[in-house]
Amino acid sequence: MPGTAAQSPLLAVRDVTMRFGGIVALDHVSFDIGDGEIVGLIGPNGAGKTTLFNCVSQLYTPNEGSVLLAGRSILGLGPHRVAALGVGRTFQNLALFSTLTVLQNVMIGIHARTHSGFLANALRLSSVRREERQMHDAAMELLAFLELTAVAHHPAAGLPFGTLKRVELARAMAGQPRLLLLDEPAGGLNHEEVGALAQLVREIRDRRAVTVLLVEHHMSLVMQVSDRVVVLDFGRKIAEGPPTTVQKNPDVIRAYLGTDGAAG
């Protein structure tokens, strides 16, 4: 069951403001995400969606406001610390290692939560070998979940774009995140692949107990999978609520969905 943001927010964004010189990219943005929710973040190009993602994953530190994960401030921790606390993300542009296999790409994502130090790795201690087997098994299980077993030992280079999108998703999930940030996951996918992605996002929430924040221009995907939708325009939040309510909001229709309010 989806969580209720007002009762127990896993993520709390409070009055976040981000400036780049004289440009205000985010202007006192606030919202909560409850444990187990899928929340869509939408808005026109330049609305501040990716900037907000970068604040949550701590690629950026906002000029004002706070970002809390399970009640703890994550500002100033840095991306690796935030990832270790349970925040995973994908990017609009694929960031895979093309010469490595699919399995190796996913195992890189697991390395963030391993415990072996440099000396133990250099000496090939039994604890390191045991940890590597566990990493391998965990990666293979994740590839099976995402229907990527058949390409596990294939280099990332040369695979279809839709498959590569799933590989990046697998790598983001490899760190066992509590919160998964999906940045334009439907970009470049065909209609059939988008339908499969919608089902997959729900399965990630339902079967993996992962909370999802989704930035996406593909409005039918957002409206299908989101429990709630947050809308940004020129760095400000202009609407928030269930998809059917947001879809009919006049400000949203003017800013993003078009004059007829169709989800598209």
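# Close-up views of a predicted model

**View 1. Helices H3 and H6 pack against each other.** The axes of H3 and H6 cross at roughly 30° and come within 7 Å. This model is predicted. Angles under 35 degrees count as roughly parallel, and H3 and H6 are therefore roughly parallel to each other. Their crossing is right-handed. From H3, the contact uses Val102, Asn105, Val106 and Gly109. From H6, it uses Val167, Ala170 and Arg171. Two packed helices are described by the angle between their axes and the distance between the axes.

**View 2. Helix H3 is largely enclosed.** H3 covers residues 102-110. Of its 9 residues, 7 are buried, so the rest of the structure largely encloses this helix. The buried residues are Val102, Leu103, Asn105, Val106, Met107, Gly109 and Ile110. Among them, Val102, Asn105, Val106 and Gly109 also make the contact with H6. An α-helix has 3.6 residues a turn, so residues three or four places apart point the same way.

**View 3. Thr90 sits in the loop between strand E6 and H3.** Strand E6 spans 87-89. Thr90 counts as buried because its relative accessibility is 5%, and the cut-off for buried is under 20%. The Thr90 side chain reaches the backbone nitrogen of Asp183 at 3.2 Å. Leaving out residues up to four places away in sequence, Thr90 touches Glu168, Leu169, Ala172, Leu181, Leu182 and Asp183. Helix H6 comprises residues 161-173, and strand E7 comprises 179-183.

View 4. Beyond its neighbours within four places in sequence, Glu184 is in contact with Gln92, Lys165, Val215, Glu216 and His217. Glu184 and Asn93 lie 91 residues apart in sequence. In space, their C-alpha atoms are 8.9 Å apart.

**View 5. Strand E8 is covered on both faces.** E8 runs over residues 211-215. Buried residues make up 5 of its 5 positions. Thr211, Leu213 and Val215 lie on one side. Val212 and Leu214 lie on the other. In a regular strand the side chains alternate between the two faces of the sheet.

**View 6. E8 pairs with strands E3 and E7.** Strand E3 comprises residues 38-42. E3 and E8 run parallel and are joined by 4 bridges. Leu41 stands opposite Val215 of E8. E7 and E8 also run parallel, with 5 bridges between them. Here Leu179 has Thr211 of E8 as its bridge partner. Val215 is also in contact with Glu184.

**View 7. An open antiparallel sheet has 4 strands.** The strand order is E2-E1-E4-E5. E2 (23-34) and E5 (72-73) stand at the edges. Each has a single partner strand, so one side of each is left without a neighbour in the sheet. Strand E1 covers residues 9-20 and pairs with E2 in the antiparallel sense. The E1 and E2 pairing counts 8 bridges. Within this pairing, Val16 stands opposite Val29 of E2. Helix H1 (residues 49-56) packs on the sheet. H1 touches E1, E2 and strand E4 (64-69). The direction of H1 makes about 120° with that of E1.

**View 8. Helix H1 is mostly covered, and Gln58 follows.** In H1, 7 of its 8 residues are buried. They are Lys49, Thr51, Leu52, Phe53, Asn54, Cys55 and Val56. Gln58 lies in the loop between H1 and E4. Its phi is positive, about 65°, although Gln58 is not a glycine. Gln58 counts as buried, at 4% relative accessibility.

View 9. Gln176 lies in the loop between H6 and E7. Is Gln176 buried or exposed? Gln176 is exposed, with a relative accessible area of 56%.

Terms used:
Residues are numbered from 1 along each chain as its sequence is written. This is a predicted model: local features need pLDDT of at least 70, side-chain atom pairs count only at pLDDT 80 or more; totals for chains, interfaces and linings use all residues. Side-chain values use heavy atoms; hydrogens and water are left out. Two strands pair if DSSP finds at least two bridges between them. Helices (H or I, at least four residues) and strands (E, at least two) are DSSP runs, numbered from the N terminus. Contact means heavy atoms within 4.5 Å. Axes are lines fitted to C-alpha atoms, for helices over the stretch in contact, and angles run from 0 to 180 degrees between N-to-C directions. Buried means under 20% relative accessible area, exposed over 50%, partly exposed in between (1.4 Å probe, protein chains only). A polar contact is a pair of N or O atoms within 3.5 Å; within protein, one must be able to donate a hydrogen and the other to accept it, and residues adjacent in sequence count only if both atoms are side-chain atoms. Angles under 35 degrees count as roughly parallel, over 145 as roughly antiparallel, 65 to 115 as roughly perpendicular and the rest as oblique. A crossing is left-handed if the near helix is turned anticlockwise from the far one by less than a right angle, and right-handed if clockwise.
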